[in-house]
Amino acid sequence: MTQTSRSPRRILITGGAGFIASNLVYHWAEKYPGDRLIVLDALTYAGNRKTLEPLDANSNFRFVQGNICDRPLIESLLREEAIDTVAHLAAESHVDRSILGPGAFVQTNIVGTFTLLDAFRQYWDGAGKPDHFRFLHVSTDEVYGSLNPEDPAFSETTPYAPNSPYSASKAGSDHLARAYFHTYGMPTLITNCSNNYGPFHFPEKLIPLMCINILMGRSLPVYGDGQNVRDWLYVGDHCRALDAVIHQGTPGETYNIGGNNEVKNIDLVHQLCDLMAELAPSLPTPPQSLITFVKDRPGHDRRYAINATKIKTELGWEPAETLETGLRKTVQWYLDNTAWWQPLLSAEYQDYYQQVYASRLVQAG
Ligand code: NAD
Ligand code: DAU
């Protein structure tokens with residue numbers, strides 16, 4: 001597709017004040033300045049309105065605080081903004097929180113996704129089912145379950161086997177998105193992506209947590225034996241993949257997205273320690289000495305790996321960043337943007353931290 005042949009889109013991005021979707025909002029605003037861009041976000045603990053403030057002066061951008069479970073709000077937004085494209089990223093996204101309180105995950109990830117899908121179906125139907133309408137449902141590799149060391153990577157045909165309340169709720173939402181294509185012909189597309197990292201990542205996830213704890217001289221809690229493997233993808237690469245799927249993907253299809261960067265957690269933490277020691281001007285404590293093995297996450301999946309052949313061969317997408325280049329950028333971003341993350345270490349964050357880590361540290365002795 002050449003840029004000259006492209007008609008402007010009117011896109012609704014849900015969860016746009018969160019990590020991945022805020023990166024997508026910036027990607028979209030920069031690459032497609034003629035598009036109308038609406039963000040819908042409930043501003044839960046994970047949503048940060050300040051992240052998008054620099055866009056407020058842009059007349060093509062609008063932020064709406066609201067819940068994806070609020071059907072009247074969604075119906076009116078779709079109509080009033082004449083939306084033709086939905087990129088659905090709003091979710092409860094943290095496995096550890098889903099263990100503490102699974103109800104919010106069922107509500108937002110399943111009921112919320114259903115509400116959006118069904119409102120969009122009614123609206124798309126009423127508009128005469130235009131060919132160019134798209135509904136992108138953004139999901140995770142965790143729906144495929146856990147791999148053994150020698151297993152092949154997840155492909156689009158790997159059976160679902162979610163193990164946490166988070167991944168089970170995402171699996172439920174994926175099935176709904178798929179069913180809306182098969183039953184109603186609605187132009188849904190699904191992506192299943194591996195672990196992202198990069199700017200605007202909420203401090204309680206592994207990579208920002210380690211960077212911030214190193215700066216604060218706080219212990220670096222590694223779950224279990226640290227041998228769990230994740231495949232890490234720089235968030236900017238994920239955004240380019242979502243762009244490719246919206247513009248070139250075939251409705252009804254699923255695309256796996258991964259970084260070709262399988263790493264054990266403990267090795268990743270060592271890499272972060274080395275980078276921080278190199279890039280941070282001064283640290284209270286040598287980072288490696290802060291590493292602490294703590295009680296494992298219940299039901300902790302051992303290994304994720306993504307086979308991203310389909311999106312590469314069909315849509316021409318592949319990651320641009322290696323783990324080395326992406327981590328270096330990310331660490332530098334956290335060093336340069338203390339004003340973004342410092343206010344997020346609120347009393348609520350400290351409560352969460354206590355709930356998740358206090359008993360782990362005690363039991364690890
Ligand atoms: P995040 O937790 O950083 O952001 C989620 C956003 O959704 C927040 O801004 C929050 O306020 C908003 N939100 C939550 N509930 C809402 C509701 N009911 N209504 C409206 N807004 C609501 O999440 P993330 O890590 O950026 O993940 C975004 C999406 O990508 C999720 O669907 C997640 O499952 C998927 N995903 C994430 C990763 C990853 O590594 N982070 C990898 C693969 C897929
Ligand atoms: O695989 C994609 C998924 O990646 C996304 O669907 C989720 O939304 C996203 O949160 C992420 O899930 P993880 O559970 O893999 O991410 P998290 O950053 O919480 O943990 C990464 C790994 O690090 C995991 O094996 C658990 C481990 N970990 C995590 C934390 C927060 C630790 O060892 N210590 C920690 O303190």
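Predicted model: local features only at pLDDT ≥ 70, side-chain atom pairs only at ≥ 80, totals over all residues.
**Close-up views of helix packing and ligand surroundings**

**View 1. Helix 1 and helix 7 cross in a right-handed way.** Residues are numbered from 1 along each chain as its sequence is written, chains are lettered from A and ligands numbered from 1 in written order, and side-chain values use heavy atoms, leaving out hydrogens and water. Helices are DSSP runs (H or I, at least four residues), numbered from the N terminus, and strands are E runs of at least two. The axes of helix 1 (residues 19-31) and helix 7 (residues 235-248) come within 9 Å and cross at roughly 65 degrees. Axes are lines fitted to C-alpha atoms, for helices over the stretch in contact, with angles running from 0 to 180 degrees between N-to-C directions. Ala, Val, Leu, Ile, Met, Phe, Trp, Tyr, Cys and Pro count as nonpolar, Asp, Glu, Lys and Arg as charged, and the others, Gly among them, as polar.

**View 2. Helix 4 meets helix 5.** Their axes (residues 103-126 for helix 4, 165-184 for helix 5) come within 8 Å and cross at roughly 15 degrees. Helix 4 and helix 5 are therefore roughly parallel to each other. The cut-offs are under 35 degrees for roughly parallel, over 145 for roughly antiparallel, 65 to 115 for roughly perpendicular, and oblique for the rest. This crossing of helix 4 and helix 5 is right-handed. The contact splits into eleven nonpolar, four polar and three charged residues.

**View 3. Helix 6 crosses helix 8 at roughly 45 degrees.** The axes of helix 6 (residues 206-216) and helix 8 (residues 265-279) come within 10 Å. That angle makes helix 6 oblique to helix 8. Leu206, Met210 and Leu215 of helix 6 are among the contact residues, as are Asn265, Leu272 and Met276 of helix 8. The class tally here is eleven nonpolar, one polar and no charged residues.

**View 4. Ligand 1 is surrounded by 29 residues (a heavy atom within 4 Å).** The closest are Ile20, Asp41, Ser93, Tyr166 and Lys170. One oxygen contact of ligand 1 is 2.6 Å, to an N or O atom in the side chain of lysine 170. Polar contacts like this are pairs of N or O atoms within 3.5 Å; within protein, one must be able to donate a hydrogen and the other to accept it, and sequence-adjacent residues count only if both atoms are side-chain atoms. A polar backbone atom of asparagine 196 is 2.8 Å from an oxygen atom of ligand 1.

**View 5. Ligand 2 has 23 residues around it.** Thr140, Asp141, Tyr166, Arg297 and Tyr357 come nearest. Histidine 300 puts a polar side-chain atom 2.7 Å from an oxygen atom of ligand 2.

Conventions. Contact = heavy atoms within 4.5 Å. Left-handed = near helix turned anticlockwise from the far one by under 90°.
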